[in-house]
Amino acid sequence: MSEAAVRLGVDIGGTFTDVVLEVGDTQFSTKVLTTYVAPENAIVEGLQEVCRKAGIEPSRIQQIIHGTTLATNALIERSGAKTALITTRGFRDVIEMRTESRFEQYDLNLSLPEPLLARHQRYTLDERVSASGEILKPLDNAEIETLVDDIEAAGYESVAIGFLHSYIDPTHENQVREVLARRLPKVMVSLSCEVSPQMREYERFNTTIANAYIKPLMKSYLGRLEQKLGTEGVACPIFLMHSGGGIISLENAAEFPVRLVESGPAGGAVFAANIAARYGLEKVLSFDMGGTTAKICLIKNHTPKTSRVFEVARTYRFKKGSGMPISIPVIDMVEIGAGGGSLAHVDSLQQIRVGPKSAGSEPGPACYGRGGENPAVTDADLVLGKLDADNFAGGSITLDLQASQNALNNNIGSQLSMEVENAAFGVAEMVDENMANAARVHAVENGEDLSEYTMIAFGGAAPLHAGRLCEKLGVDRLLVPPGAGVGSAIGFLRAPFSFEATRSVFMRLNEFDSEAIKQLLSELSDEATRFVRGCAPDEPVTSQYKVYMRYSGQGWEIPITLTEAQATAPDAETFKTLFEKDYIALFGRAVEGLEVEITVWAVNATTKAQPAGDSQSFSTQTAAPVSGARDVFDPAVGETVQSSIVLRDEMNTGATVNGPAVITEDQTTIIVPSSRSAVRQSDGCIDVKKEYMA
Amino acid sequence: MNTQADKVRQQVMWNRLISVVEEQAMALVRTAFSTSVREAGDLSAGVYNVEGLMMAQAVTGTPGHVNAMADAVAHFIRRIGRDNILEGDVYITNDPWEGTGHLHDITVVTPSFHCGVHVGFFACTAHIVDIGGRGFGADANSVYEEGLYIPIMKFADQGQVDKTLMHIVRGNVREPDQLVGDIYALATCNEIGHRRLIDMMSEFDLKDLSGIAAFIFENSKAATEACIAALPTGACAAGEMVIDGYSAPVTLKAKLDIYSDKITCDFAGTSGLDKKGINVPLVYTKAYACYALKCAIAPEIPNNAASLAPFEITAPENSIVNALHPAPVALRHVIGHMIPDTVYNALDQILPDTVPAEGAGTLCNFQVSLRPRTDIDLNAEPDPSDNQAMHDIAMAKQAVRSEVLTFNSGGSGARPQLDGLNATAFPSGVMTMPVEATEHTGPVIIWRKELRPGSGGAGKYRGGLGQYMEVGAVEGQEFDISAMFDRVDHPALGRQGGQPGAPTSIALDDGTAMQGKGRQFVPHGKKVMMAFPGGAGYGKPAARDPELVKRDLARGYITESSARSDYGLSDSEINQVNTDVKNGSAE
């Protein structure tokens, strides 16, 4: 057998750039500070470090998989290129008028987020296509030429083109592109019929504009990265993680950079999905909690749930509607403002509220001793005994317990006449309740019952709260994988090459056209496969078929998965049966006598996911070595309990400890509640279950 | 377990109940058929204690249900009778006076039982597509013409659905499958709320809701009263606003009195009933008056029986804001949406620098009823060489009948420190539908939907812009448009020297004048040209930051002439802005 495969996963996050080098089955990881001005520098620094740890030359790396928040940050910070929109006359303000509603009902001083492009950067042309694809007003080339004069005079670097109903007939968008390409070859162009060919103009236009807005930046960054890695002796191909949980080529990423938004969290979900596969778990809830937010994702049959649209850059308490919609294939996650740094206060109703405001890393929670005076979740965790002041982050920071107590007393305890420990209990309990409620609402939306689920927790703060969350949600089993601090980067290495092609075409089942459907799905399959083949010419590629269906008159579609056979020989009766089955699962019952219609068609072409490996069973369970004990408040019991302290490094396969216990490691601490016990699995996962070990 | 930890647990339960009703509402949004529910958020959901007092309510698209929902369950208890409330029951009504203000809102109430004991209720309301009668519009002369009336009754008796009721419902409405689907969706969403409530009661080992209800009510009452106590006790003020109405202009009058622990709002002096269906049952007036006061005074406090109680709303019987049976009330929102601005005209005198200037108020909704054109004879047999005639007949033969309802917004009023919001609903919170989606629901063509430059009232803070819409039909179709617009003759007025917003206008593309309200015919090939109103300005225009004036000009929010005459920009400044836009250096 030849030398072990060498692959590198890189995740650029807001604070840290995580780098994981995998040599065969062995992983070497590091975290370096993100270098905003030239993000490639942090990658090189991390790469050198992990290569040194592994004792190999960078030239031996065979593949790099990269994910980044740079695209997201550019949208949040509005630091993209000088961009113009060209749209249908009469519809200049679609991205500014949004849904014409306020996302917060009771705030008289509400501000809506500014659109990505101000009104004078939005241009119109006289043209119109109907909902059925008929050209109602042809587009005159002379008018385009005149408009291009204006675009040139204003010096735009990037242009988004979005016409009404272009997902049905893209002729006019292509017509404008041709003129732009001829007249202004250096200007980058993004067409709505390519970036997001889906009905609903606000979402499609905004997505196309976002793509155009970040394209010059991302193209330049990816070019520099390739070059810089070359000078380091890395000659292998670089691939990018996309928000749908798969990998695309560098060229595709540069063309459709909006698909990179949310690539980091997508990596986390893939990481969890891979562990789910390893354990053969059909239903998994992934729970990722960091400093400012928590993310929750449902994973069924080892596949994270996906969606067609999501919202980025929320401006108001993570509230739905306060950001901008991006309609691309994406792993469906709930993100709430609940992290270790989330700040607590008492509101006018004498209730404890936690988040979404965060202490960030500066000043950080009060216990960091950097001047933070407001209590954060981490302060509550410290007071409750869940954290050890002297052994936080591997002992790199000594936490100031007194500062946490003062912050909690001054801001919570004194207002509510509570002792500091109860104030801390209140803060921790409220943040856990917020996360549990978000998970419950998400489950209801998807017609799922969480009590059948297993939780997989990662991210710095998750293992501190996961045990309590399981109790609240009635989840019996919790897995805390190793490498939880760099979960997304590991997830990149587990992701398949994949690309999803979608199209909006309306069809009622009573007008079912088998031939047209066959043709459409086959076109979409070819299109998606072409993208994947570009990355992985030799691997087998399979197509997964999905259609979005609803009763005529409804506004929400539900995704229906088709088998290859059902997609290649479509018939109306099968579609109806599949739809009703899923509808009943989601909403309890089907509705008699209503027409059913299909609105969106999607084909995801994918290579096989990286093998999950096995979790070997172990024959003997042994008591884990207990290195000490400390008092930890157990919210379910309602009082402080003496808990065993176990070092994760000292837990061998089969080592067990009964709750209440704390399992500590450099990156995080796992709290095992009194109601549970923990055992180390052969792959290093800590398995926390609702049962006692003998 | 100590009492401090109990306090934490009660907070957790309160949060949980709010989450339960959000889930309940979410389930309804996902399963309902009505456009108004699923796209626009016109629904409500709440949980009640066994006395029928509301403990928590979902925050949804429509403040119009705020008090209506709070009051509804008490009516159900009275009508059904305590002894007749049994496990497995589901109750229903669309009574405008005991439900939420018009026949198009169906309210469903489900009693919750835990271990065989009645512990509380869930209620939810949704605006449904059609309830028979004349259809959704203002043209009825009494509530009898507005559709099927379902008195408070059992939809399900111990789990058995009343089949007779369903037969009657099916036989009286235009879209029976959708309506029946919506009724089941309402029942399902209560069921989801109920299951989650029982989970919570088991987790916290509760036998009833009395403890948690008392906790919620005590905290809410104290917090609301603290907000009211911060106002000048004894203050009183009256405000008024004149609007178009239907048959004749309507004067709305509100008088506020501030007490140490409550606020009263009385609508004495308000116009009497209109002949057409824009009259408002008191419950809906209470909702919008209360909503307005809560936004300004106690925005953070969740809605429940205790937090709503300190706001006492009254109005003379058979004034337009306290219409009694059998007044027509289908479009009660047209007047209802104007109530907050009226209340603010009074509140501004007590609590300066807090409330916005007047805005568009009423949503700019219209319904289009399309049908094949009737101006040519479809059975004619023209000379086959007459291409035009052949084409016309072919197109008309492809035409269909269809109803399309759209929700649209004008501009909101400028705030004391902020501009008004462009084309954004206030006080309603409903969402518009994408044009592409609307054009898939029927053979309608929206030729224009964009901001209306110059429509925001000038001021130190500018009113929000209204919008232009142009609506026509696919070839071969003609249509009626049911307009539901106000502010044609009575634009939004400013505060502190702010200028009025632009009024509504509506006409055919050939210039033929049209009415702001009512069903009107649009011949084949014609378009309706609409301009929806802007919000009013706040403060004198001359005090506006010149940089903001330049920004507004660059973006085309204001016209050159307004920049010059209202805001005093010089010709050279205006030229500079235009040059900056052309060469791409404008912000």
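Two strands are said to pair if DSSP finds at least two bridges between them. Strands (E, at least two residues) and helices (H or I, at least four residues) are DSSP runs, numbered from the N terminus. The model is predicted: local features need pLDDT of at least 70, side-chain atom pairs count only at pLDDT 80 or more, and totals for chains, interfaces and linings use all residues. Residues are numbered from 1 along each chain as its sequence is written, while chains are lettered from A and ligands numbered from 1 in the order in which they are written.

**Figure 1. An open sheet of four strands in chain B.** The strands follow the order 13-12-16-18, with antiparallel pairing. Strand 13 (402–406) and strand 18 (517–522) of chain B form the edges, as each pairs on one side only. From one strand to the next, the twist averages 15 degrees (axes are lines fitted to C-alpha atoms, and angles run from 0 to 180 degrees between N-to-C directions). Strand 12 (residues 366–372) and strand 16 (residues 477–484) of chain B run antiparallel and are joined by seven bridges. Ser369(B) has Asp480(B), in strand 16 of chain B, as its bridge partner.

**Figure 2. The surroundings of Pro96(B).** Pro96(B) is placed in the loop between strand 3 (90–93) and strand 4 (105–114) of chain B. Pro96(B) counts as buried because it has 29 C-beta neighbours inside 10 Å. A residue is buried if 20 or more other C-beta atoms lie within 10 Å of its own, exposed if 12 or fewer, and partly exposed in between, with C-beta atoms placed from the backbone. Apart from neighbours within four places in sequence, the contacts of Pro96(B) include Gly101(B), Val143(B), Pro281(B) and Val329(B); contact requires C-beta atoms, placed from the backbone, within 7 Å. Tyr284(B) is 188 residues from Pro96(B) in sequence, yet their C-alpha atoms are 9.1 Å apart in space.

**Figure 3. The contact between chain A and chain B.** Chain A contributes 66 residues and chain B contributes 77 residues. On the side of chain A that touches chain B, the elements giving two or more residues are helix 3 (94–97), helix 4 (141–154), helix 7 (201–231) and helix 12 (420–445) of chain A. Helix 12 of chain A gives the most, with 11 residues. The predictor assigns the complex an ipTM of 0.93 and a pTM of 0.92.

Methods:
Two residues are in contact if their C-beta atoms, placed from the backbone, lie within 7 Å.
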